[in-house]
Amino acid sequence: AGLLVASATNTPRIEYDASGNCLGLLMEAARTNLMTYSQDLAGADWSSLQSTITSNATTAPDGTTTADLVTEDGGSSAHGYGNNRTLATSTTYTTSFWAKANGRTWVAFRATGTGWVNSDQAAFFNISGAGAVGTLGSGMTATITAHANGWYRCTCTYATAAASGTGTGTRLALASADTTQIYAGNSTSGAYFWGVQQEAGQFASSYIPTTTIAVSRTADSCIRTLGSEFSAT
């Protein structure tokens, strides 16, 4: 059905691509989603940037009505929502999220604060058509993957500085075009967001939902007891 499905412990995770082709058994290392309130941008750790939030506004990539709508206000500024985390120094992190257009077909991930190697950098994503990565800030790499029902998973990989500085803020921003994150809003346009994840690593792993605290997934382990079909000699 093109939906994300939660997997129970001790159940093989058989992975499929967006077209429904079976990719086989998914095996991942241990990861932790450090981003609290990953499905609730109205949560206590998120703050507004010239925008309003409508919680549980549409169907999320997992089929539940848990995706939030971010709508820009009429100001001439940056528009979106931010969540500041305390991250390890000199470490590579990957932030990922799902986005769906609602008047704005460009969104951005912004790394703000001197806790990042290059502060206040942005990675832009075109969330229309096949999806495309736009302009990237210094030191950033990014991907975008189209999913069912107009959703796109956007990922950005970036490193923290050797010193903690004044913070490592993460922002999900609306954009009026590639590279344009500061503009006069119209009070009606925006985008849906869901499933924000921030993890130490060079790439995004499968999504780990969170609420008030970070949540970890242990490393996958696959063991099969060989039977008579295997010749010991």
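**Ground rules.** I am working with a predicted model, where local features need pLDDT of at least 70, side-chain atom pairs count only at pLDDT 80 or more, and totals for chains, interfaces and linings use all residues. Residues are numbered from 1 along each chain as its sequence is written, and side-chain values use heavy atoms, with hydrogens and water left out.

**Entry 1: Val70.** I looked up Val70 and found it in strand β6, residues 67-72 (strands are DSSP runs of E, at least two residues, numbered from the N terminus). Is Val70 buried or exposed? Its relative accessible area is 1%, so Val70 is buried (under 20% relative accessible area; exposed is over 50%, partly exposed in between, with a 1.4 Å probe and protein chains only). Not counting residues up to four places away in sequence, its contacts include Leu41, Tyr81, Leu174 and Phe193 (contact means heavy atoms within 4.5 Å).

**Entry 2: the cores.** Next I checked the largest nonpolar core, which has 29 residues (a set of buried Ala, Val, Leu, Ile, Met, Phe, Trp, Tyr and Cys residues joined through side-chain atoms within 4.5 Å). Leu41, Trp46, Phe97, Val107, Phe125, Ile127 and Phe193 touch the most other members. Among the elements that give it two or more residues are β9 (92-102), β11 (121-126) and β17 (190-200). Which strand gives the largest share? That is β14, with 4 residues. A second, separate core of 8 residues includes Trp98, Trp151, Trp194 and Tyr207.

**Entry 3: the rings.** I found 6 aromatic pairs in the structure (rings of Phe, Tyr and Trp, the last by its six-membered ring, with centres within 6.5 Å; planes under 30 degrees apart are stacked, over 60 edge-to-face, the rest tilted). Phe97 and Phe125 make an edge-to-face pair, 6.0 Å centre to centre with 90° between the planes. Phe97 lies in β9 and Phe125 in β11, so this pair ties together parts 28 residues apart in sequence. Both Phe97 and Phe125 are buried. Trp194 and Tyr207 have ring centres 5.0 Å apart and planes at 55°, so I logged that pair as tilted. Trp194 sits in strand β17 and Tyr207 in the loop between β17 and β18 (215-217), 13 residues apart. Ring pairs also link Phe97, Phe125 and Phe193 into a cluster.
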